[in-house]
Amino acid sequence: MNDMRLAERTVDTKGKPIKFSCRNVQVFYGDKHAIKDVDVDLEDKTVTAFIGPSGCGKSTFLRCLNRMNDTIDVARVDGKLMLDGEDIYDRRVDPVQLRARVGMVFQKPNPFPKSIYDNVAYGPRIHGLARNKAELDGIVEKALRGAALWNEVKDRLGESGTGLSGGQQQRLCIARAVATSPEVLLMDEPCSALDPIATSQVEDLIDQLREDFSVVIVTHSMQQAARVSQKTAFFHLGNLVEYGTTDDIFTRPQDPRTESYISGKIG
Amino acid sequence: MSPFWIMVTILVLAALGYVLGRRRAGSVAAGDIRGLHSRPTYYGWNVALFTALPSLLVLLMWVLAQPLVVDRAIGANIPESAVADAGARGRIMSEVQGTAISIGEAVNKGLLTEAEARSLTPDNTALLDRLADEDITLTPNPAVLEAAKDYRSINQNASRTLTGLSLLLALGGFGWAMARTRPDYRARNVVERFIRGFLILCSLIAIATTVGIVLSLVFESYNFFQLYPWQDFFFGTEWTPSFGGGSRLGMLPLLWGTLYISLIALLFSVPVGLFAAIYMSEYATPRVRGVVKPLIEILAGIPTIVYGLFALVTVGPLIRDWIAQPAGLGNSGSSVMTAGLVMGIMLIPFVSSLSDDIINAVPQSLRDGSLGLGSTPSETIRNVVLPAALPGIVGAVLLAASRAIGETMIVVLGAGAMAQTSLNPFEAMTTITVKIVGQLTGDNDFASPETLVAFALGLTLFVMTLALNVAALVIVRKYREQYE
Amino acid sequence: MSDATSAGPRRVGGPAAARTSLLVADARTKRRNAAEARFRAYGVIAIAVAMLALFFLMFTILRDGSGAFWQTYVKIPVAIDAAVVDPKGNRDPSEMDDVLTMSYAGVLQDALARWTADNGVEIEGLKDSDYAGVFSNQARAQLRNMVLQNPELVDQTVEVPVLAASTIDGMFKGRVTEASAAIDKRTSVAQFQLANAMEEKGALATRFNWDFVTQPDASDNRAEAAGLGVAIIGSAYMMLIVLVLSLPIGVATSIYLEEFAPKNKLTDLIEVNISNLAAVPSIVFGILGLAAFINFMGLPRSAPIVGGLVLTLMTLPTIIISTRAALRAVPPSIRDAALGVGASKMQTVFHHVLPLAMPGILTGTIIGLAQALGETAPLLLIGMVAFVTEYPAAPPEGLFEPASALPVQVYNWTQRADSAFFERASGAIIVLLAFLFAMNLVAIILRRRFERRW
């Protein structure tokens with residue numbers, strides 16, 4: 001991957017509508033103040049990367065966006081997180097409905113111990129997206145094609161998802177998330193458990209997904225952020241230090257902390 | 001000397017050996033113990049072990065073997081005319097032993113000299129009367145008296161030989177080990193080899209127990225099948241034992257009762273235990289878990305006799321008065337339902353703790369994956385967690401079934417003793433375990449099929465539970481490997 | 001997602017295209033949340049059922065059993081008639097010994113008849129047998145023993161509390177009512193009224209009954225005198241044997257398997273055996289005890305030694321499993337450190353690993369002992385259900401003498417005709433549970449006190 005691609009991608013970042021608007025977000029894990037005063041606007045049809053040293057809160061913040069922190073007993077979230085103008089932490093919001101619109105792909109590929117077909121069909125089934133088998137088949141095929149996996153698995157849809165290779169498993173998980181037709185796709189270090197070839201396949205996929213979704217990706221690799229994202233946010237010690245186009249962050253960082261991190265002095 | 005005192009003597013010698021061995025190690029090292037291969041205590045232990053172990057081993061084997069050998073020798077000497085039937089031989093043998101003990105007592109009290117004891121005959125009424133005055137009555141049966149005298153002299157000789165042999169061995173071991181106490185002797189390695197041998201020996205007890213169980217079951221079951229045809233036992237539908245003869249010992253009614261009660265117990269305990277486990281691991285707050293979990297564990301710690309009494313005194317009458325009688329289904333306090341329900345309560349903690357382990361072994365990443373797609377917790381549990389945990393849960397249910405089949409006290413007190421095959425769960429029925437207890441408590445005649453049938457029932461029970469346990473272990477082990 | 005030009009996969013689904021606000025739950029979500037609430041409720045119900053069963057069990061045992069710790073005693077002046085108890089009149093205990101216990105029944109009966117007359121109690125239809133029936137059969141023996149020990153008492157009037165019959169005792173515990181007394185052959189309405197009159201005047205009183213814990217079992221028609229003394233001693237002897245045998249053997253086995261055993265067929269066989277033995281029904285161990293220890297090795301029936309051996313074999317798997325867990329919890333770094341300074345493998349284990357694992361081992365041992373203490377079925381088969389009224393001697397001889405055991409005593413009492421024995425059985429369970437509770441408490445304290453996190 002080279003700098004040319006970076007330049008190519010930064011072209012179409014202007015003028016996208018805002019998908020997520022976050023103001024004054026705080027997250028506490030028990031007594032620990034994990035996220036402090038984060039304000040950020042995430043654009044639609046854009047890949048936004050969260051970077052920063054380990055433990056900086058980037059994953060924690062990502063998990064706020066579809067309320068996955070709800071599953072952790074001691075976590076508490078304050079502030080406003082608006083998805084299309086609606087506060088997702090409003091008391092009336094059902095996290096189940098929210099997560100149907102904000103899908104998530106995890107660090108370690110976690111296919112269910114079911115067939116490939118059932119893995120992809122899982123989301124559409126629980127959300128009732130298909131009226132019949134034919135429609136469901138269509139959704140599954142579309143999702144697998146969307147995840148660039150269809151050609152590899154179309155002849156063995158009935159086999160277990162756990163039997164695939166690591167890269168295929170992660171793409172299956174992406175297909176599974178895509179199948180529920182979310183608007184936002186959250187990815188928590190989706191390539192950290194993959195080898196370089198699988199990583200490049202997933203990265204290519206992320207670039208395609210931008211056509212249809214707003215993608216937020218947490219990554220510990222600056223190169224990856226540079227390769228796949230249009231906007232980048234740098235987190236440090238629970239603070240959002242700097243947020244801007246990927247081009248700006250990597251070539252003209254405003255904050256000295258960002259510059260140290262980019263140049264490898266902290267990490 | 002009696003074996004006990006021989007043992008004490010050997011142990012005293014061994015203690016002495018420890019002290020002397022240590023001292024000798026010090027003296028051969030000429031005051032500088034750095035010249036020794038091992039620390040002096042190891043030389044002490046070395047001497048003590050060589051003194052005690054060989055002789056104690058001989059002592060143990062001798063004590064175990066002596067009664068068998070002596071009984072056989074004496075038994076062969078008793079004339080056939082004195083033995084009325086097969087069962088009588090055992091009685092005569094115990095009479096012989098009793099008489100020998102009485103003679104020994106008389107000698108100890110000084111009422112008889114050794115010479116008189118050896119020449120005792122039933123004709124010597126003067127001597128016998130003298131003994132009778134002191135409350136020692138000897139049998140007038142000449143054959144028994146003769147055998148008792150033999151018994152006594154054999155035992156006396158054996159005891160003398162044993163004393164000599166074991167003390168000689170102890171002293172020999174002592175001398176040998178002392179002689180080998182030199183600076184370059186690797187005492188620690190030898191002692192450690194002894195310890196290692198002891199550890200292995202202890203480990204083998206598990207195998208010995210299983211072998212013992214299998215042998216005792218198979219041996220007596222074989223005796224039973226010599227007396228009673230195996231087809232009638234396994235396929236007979238009637239259980240009417242009578243010690244007078246003409247028993248019908250068909251196992252099927254007992255098997256039916258066992259399976260019926262186990263089924264009810266499982267139908268009750270599996271859903272309750274499973275849902276309790278699910279709630280505790282997926283929903284409950286730490287505080288609720290902290291209270292409920294120990295309480296459920298209390299259920300597991302209650303002895304089964306307590307459940308049995310609960311079934312007999314409380315649950316049985318309750319079911320009879322509130323359900324069975326109003327519905328006209330029976331008026332027995334003990335019933336399949338009573339035993340099954342109480343056994344179900346007993347199994348709740350068993351099922352729930354096993355399921356809890358298994359559910360917790362399902363990786364959190366699978367739950368996250370499902371929740372991240374927008375499924376509710378219950379959808380996650382039903383569609384992802386439970387299917388993933390299914391093999392483990394099946395294993396847990398098999399183990400619970402094995403427990404239920406082998407459970408004794410609850411069915412003894414709650415199910416009744418009627419061997420019958422009925423579908424009505426409010427009737428009293430009986431189980432394999434109840435009948436094992438029934439046939440083996442009280443006075444047993446190990447020559448009658450009515451007693452021996454218990455071993456055949458035990459064998460059936462053992463095979464059934466073993467199959468369930470092995471199947472469960474294999475399934476659970478496979479399941480655990482999957483997520484490790 | 002509002003743009004119609006996008007070719008997102010969601011198009012395929014069709015109906016999902018029209019997104020509703022997050023703030024309003026759609027019909028499907030409502031339905032799914034209802035299912036969620038139902039599922040949760042099943043969990044709550046399951047836990048409620050388990051808790052309810054536990055509380056109901058505990059409640060009934062306590063309700064039924066607490067009565068056993070209280071016993072009704074009769075305390076009236078008893079004139080000890082020399083003509084009855086000492087016919088020869090020379091106050092020689094050895095000759096007074098010839099007077100049968102039965103004769104003392106008359107003494108008690110007369111005493112009560114006199115007390116009734118003296119206190120002006122008048123009850124219609126009161127027969128002589130009603131007077132005698134107020135007293136336990138144990139009361140005569142008690143009086144006789146007292147007189148034989150102290151011949152001075154003859155011709156004196158003594159006032160000592162003696163046991164009342166179980167029917168009288170039952171009246172004060174609600175087991176016997178006037179209506180049930182009318183149909184019970186052992187008592188009568190007149191006796192019922194007499195007992196009430198006696199209580200009013202203080203001649204009958206219920207008080208705490210230590211004898212229940214200390215005295216031996218009593219025969220069928222003396223439920224009021226039955227106690228747990230022999231059973232507690234028998235259980236204690238068996239626990240002693242289990243502790244002395246299973247702790248060293250269990251620890252030795254665990255050390256071998258965990259620290260020394262090579263990975264081979266034999267080790268595998270031992271492992272499989274241990275996990276299987278843990279699941280073998282307890283009654284099968286009873287059969288083993290009967291066939292191996294009693295029939296083959298010729299050990300005596302009903303003796304604590306056999307029970308102890310059987311329970312040892314049953315407890316071993318529990319102790320081995322927990323000991324191995326405790327050994328495994330000691331980090332390898334400790335072993336490496338000891339080996340690194342030149343200790344032998346054996347020294348490493350015995351000097352370093354074993355002491356560190358000791359709290360865990362002891363906790364497991366206590367829990368194993370608690371299990372063994374409550375075990376009943378195998379003991380039935382080796383004859384511990386026998387009726388034993390003599391205390392066994394002190395160990396080691398006492399280990400070979402007949403004894404009972406706590407849980408077996410419970411079973412034994414459930415098999416008696418008199419319903420007063422059910423109260424005793426529940427009372428015995430309270431004692432048993434108290435022991436178990438104490439043992440588990442010790443285990444928990446041990447665990448809390450010495451638990452180490454590496």
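## Chain A: secondary structure and overall form

Chain A of this predicted model contains eleven helices and ten strands. Helices (H or I, at least four residues) and strands (E, at least two) are DSSP runs, numbered from the N terminus. For 267 residues, a compact globule would have a radius of gyration near 18 Å, and the 18 Å of chain A agrees with this. The radius of gyration is taken over C-alpha atoms, and the globule rule is 2.2 Å times the number of residues to the power 0.38. Along the principal axes, the C-alpha trace of chain A spans about 55 × 45 × 35 Å.

Of the 267 residues in chain A, 60% are buried. A residue is called buried under 20% relative accessible area, exposed over 50%, and partly exposed in between (1.4 Å probe, protein chains only). Chain A exposes about 10600 Å², and carbon and sulfur atoms supply 48% of this area; accessible areas come from the Shrake-Rupley method with a 1.4 Å probe, and for residues only the protein chains shown count as cover. Among contacts (heavy atoms within 4.5 Å) in chain A between residues at least 6 apart in sequence, 67% join residues at least 24 apart. The 35 positive and 38 negative charges of chain A have mean positions 2 Å apart. Lys and Arg count as positive and Asp and Glu as negative, while His and the chain ends are not counted. The place of a charge is NZ of Lys, CZ of Arg, CG of Asp or CD of Glu.

## Selected residues of chain A

A:Val105 belongs to strand 6 (residues 102-105) of chain A and is buried, with a relative accessible area of 1%. Leaving aside neighbours within four places in sequence, A:Val105 is in contact with several residues, including A:Gln170, A:Cys173, A:Ile174 and A:Pro190. The C-alpha atoms of A:Val105 and A:Glu189 are separated by 8.5 Å, although the two residues are 84 residues apart along the chain.

A:Glu189 lies in the loop between strand 7 (184-188) and helix 8 (196-209) of chain A. A:Glu189 is buried, with a relative accessible area of 12%, and has a positive phi of about 45 degrees although it is not a glycine. A:Asn24, in strand 1 (residues 18-29) of chain A, also has a positive phi, near 55 degrees, in a residue other than glycine. A:Asn24 is partly exposed, with a relative accessible area of 43%.

## The contact between chains A and B

In chain A, 23 residues are in contact with 18 residues of chain B. The area buried between chain A and chain B is about 1600 Å², of which carbon and sulfur atoms give 63%. A:Pro113, A:Tyr122 and A:Ile126 supply 28% of the area that chain A buries against chain B, more than any other three residues. Buried area is the accessible area (1.4 Å probe) that two parts lose on being put together, summed over both.

## Chain B

Chain B comprises 17 helices and two strands. The radius of gyration of chain B is 32 Å, well over the 23 Å that the globule rule gives for 484 residues, so chain B is more spread out than a compact globule. The C-alpha trace of chain B spans about 95 × 75 × 40 Å along its principal axes.

Buried residues make up 49% of the 484 residues in chain B. Chain B exposes about 22100 Å², with 64% supplied by carbon and sulfur atoms. The chain has 32 positive and 34 negative side chains, and the centres of the two sets lie 15 Å apart.

## Chain C

The secondary structure of chain C consists of 20 helices and five strands. A compact globule of 454 residues would have a radius of gyration near 22 Å, but chain C has 33 Å. Taken along the principal axes, the C-alpha atoms of chain C fill a box of roughly 120 × 70 × 40 Å.

Of the 454 residues of chain C, 52% count as buried. Helix 19 (residues 406-414) of chain C is mostly covered, with nine of its nine residues buried; among them are C:Leu406, C:Tyr411 and C:Trp413. The mean positions of the 38 positive and 40 negative charges of chain C are 20 Å apart.

## Basis of the values

Residues are numbered from 1 along each chain as its sequence is written, and chains are lettered from A and ligands numbered from 1 in the order in which they are written. In this predicted model, local features need pLDDT of at least 70, side-chain atom pairs count only at pLDDT 80 or more, and totals for chains, interfaces and linings use all residues, while side-chain values use heavy atoms, with hydrogens and water left out.
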